[in-house]
Amino acid sequence: MSKNAIIAGLVVFVAAALFPFWFNIGGTNAAPEVELSAKAKAAKKCVLDKYDMRANHMTILNDWRTSVVRDSNRMYKSTNGKEFGMSLSTGENSCLGCHTDKAKFCDKCHTYASVAPYCWECHTDPKEVTQ
Amino acid sequence: MKNSRKSFLKKSSRRSFLKAAGISAVAIGAAPAIKAVAVASGGGTTTALPAATPKAEALVAKRWGMVINTGKITDEVVESVVAACRNAHNIPDFDHKPDEKKYPNTRPSNKSQEIKWIWEEHYEHAFPEMEDEFLAEKFKSLPFLVTCNHCKNAPCVQACPTKATFKRPDGIVIMDFHRCIGCRFCMAACPYGSRSFNFRDARPFIDKINPEFPVRSKGVVEKCNLCAERLANGQQPACVEASEGAIVVGDLEDPASEVRVLLNENYAIRRKQELGTEPSVYYIM
């Protein structure tokens with residue numbers, strides 16, 4: 001008698017403990033696919049490698065800010081030999097100069113990962129501004 | 001061979017094992033400290049970016065300074081200079097009527113909260129210590145342009161608790177807006193009132209946002225940056241371009257520069273010189 005009760009309890013417990021797993025089966029929350037703009041595709045090389053960029057872009061932006069504001073160094077020569085303007089949104093060789101669509105380049109993943117960086121409180125998306 | 005190893009193992013007593021273990025432990029423990037010392041003495045910079053350089057076309061100086069020829073300042077010049085600065089740096093104009101569609105329910109502006117980078121001032125306010133009963137009549141109505149003086153001994157830099165305001169090696173007193181916590185100590189410290197606080201989001205009061213410069217968020221102090229972003233691109237400051245020759249910016253440490261030539265040939269004064277802040281903005285009288 002108690003055996004059945006224990007097994008039933010275990011089943012309920014396991015089901016509850018695994019709730020996040022079975023609830024998300026079905027792929028409704030699949031990670032967003034990165035969509036590169038035509039310009040970014042053509043350029044082929046970014047500041048860092050793809051995976052390094054994915055993990056460390058916030059660090060590099062932080063370093064760039066310090067470099068630009070404090071040391072007035074505004075050109076960045078990457079280890080892969082390419083030069084970039086150290087700016088989020090100004091100029092052709094800035095981040096948004098190449099990755100022209102902020103919604104696809106920034107917001108998509110940030111929304112998915114539920115992070116809200118405050119970059120755009122001050123910095124402006126050139127596309128949005130000139131509209 | 002086999003024999004000797006055996007004898008070695010036998011010889012290595014507990015005592016010698018403990019000795020070796022102790023030395024190893026000290027070595028492991030000391031490694032981070034040694035590394036840290038090596039980095040500190042090996043010139044490890046705060047921004048480990050050996051690949052970052054200024055743009056080739058950037059304008060450089062040992063100490064930037066500004067000379068304002070008050071004789072050439074007219075009401076029209078003042079207007080165009082202030083407008084040029086406004087457009088270059090997304091400075092809100094609280095007389096601007098917000099776009100109802102884009103910014104619905106914007107509360108009315110308060111003129112006492114306006115943001116000023118360069119603005120018009122009367123003689124008695126720009127140079128209060130030089131006020132005189134018998135001051136030449138013309139000075140009373142003459143427009144003066146005042147801005148951040150990029151002082152050599154900037155009190156705002158000393159007051160800033162987060163190093164958001166700092167002095168660049170080339171003399172420009174500039175802000176890192178990211179670091180500003182809005183404490184406003186710098187505003188209290190500045191004897192020239194050159195700093196403004198963002199009491200609200202400025203966007204509704206900017207006619208046309210310039211994508212070349214950020215806007216500011218609420219709770220941040222701002223001031224003239226001597227167009228550091230334009231100098232870095234090889235351009236003259238916006239006020240210089242709009243001033244029709246009334247404002248000249250150049251290297252104060254270079255005897256051959258235009259500013260030094262002007263200072264050599266004319267009588268020039270600085271604002272509140274007696275405070276010892278050593279302003280870098282000169283007024284040719």
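**Figure 1. Thr90(A) in its loop.** In this predicted model, Thr90(A) lies in the loop of chain A that runs between strand S2 (83–85) and helix H5 (95–98). Because 23 C-beta neighbours fall inside 10 Å of Thr90(A), this residue counts as buried, the cut-off for that class being 20 or more. Once its neighbours within four places in sequence are left aside, Thr90(A) is in contact with two residues of the other chain, Pro211(B) and Glu212(B).

**Figure 2. Thr90(A) and His110(A).** The view takes in Thr90(A) together with His110(A), which are 20 residues apart in sequence. In space, the separation between Thr90(A) and His110(A) is 21 Å, taken from C-alpha to C-alpha.

**Figure 3. The side of chain A that touches chain B.** Across the interface of the predicted model, 23 residues of chain A are in contact with 21 residues of chain B. On the chain A side, at least two residues each are supplied by helix H4 (50–71), strand S1 (75–77) and helix H7 (126–130), and H4(A) gives the most, with six residues. Sorted by class, this side of chain A comprises seven nonpolar, ten polar and six charged residues.

**Figure 4. Strand pairing between the two chains.** Strand S1(A), which is among the elements that supply residues to the side of chain A touching chain B, pairs with strand S1 (residues 52–53) of chain B in the antiparallel sense, over two bridges. Within this pairing, Met75(A) has Thr53(B) of S1(B) as its bridge partner.

Terms used. Residues numbered from 1 in each chain as written. Chains lettered and ligands numbered in written order. Predicted model: local features only at pLDDT ≥ 70, side-chain atom pairs only at ≥ 80, totals over all residues. Contact = placed C-beta atoms within 7 Å. Helix = DSSP H or I, 4+ residues; strand = E, 2+ residues; numbered from the N terminus. Nonpolar A, V, L, I, M, F, W, Y, C, P; charged D, E, K, R; others polar. Pairing = 2+ DSSP bridges. Buried ≥ 20, exposed ≤ 12 C-beta atoms within 10 Å, placed from the backbone.
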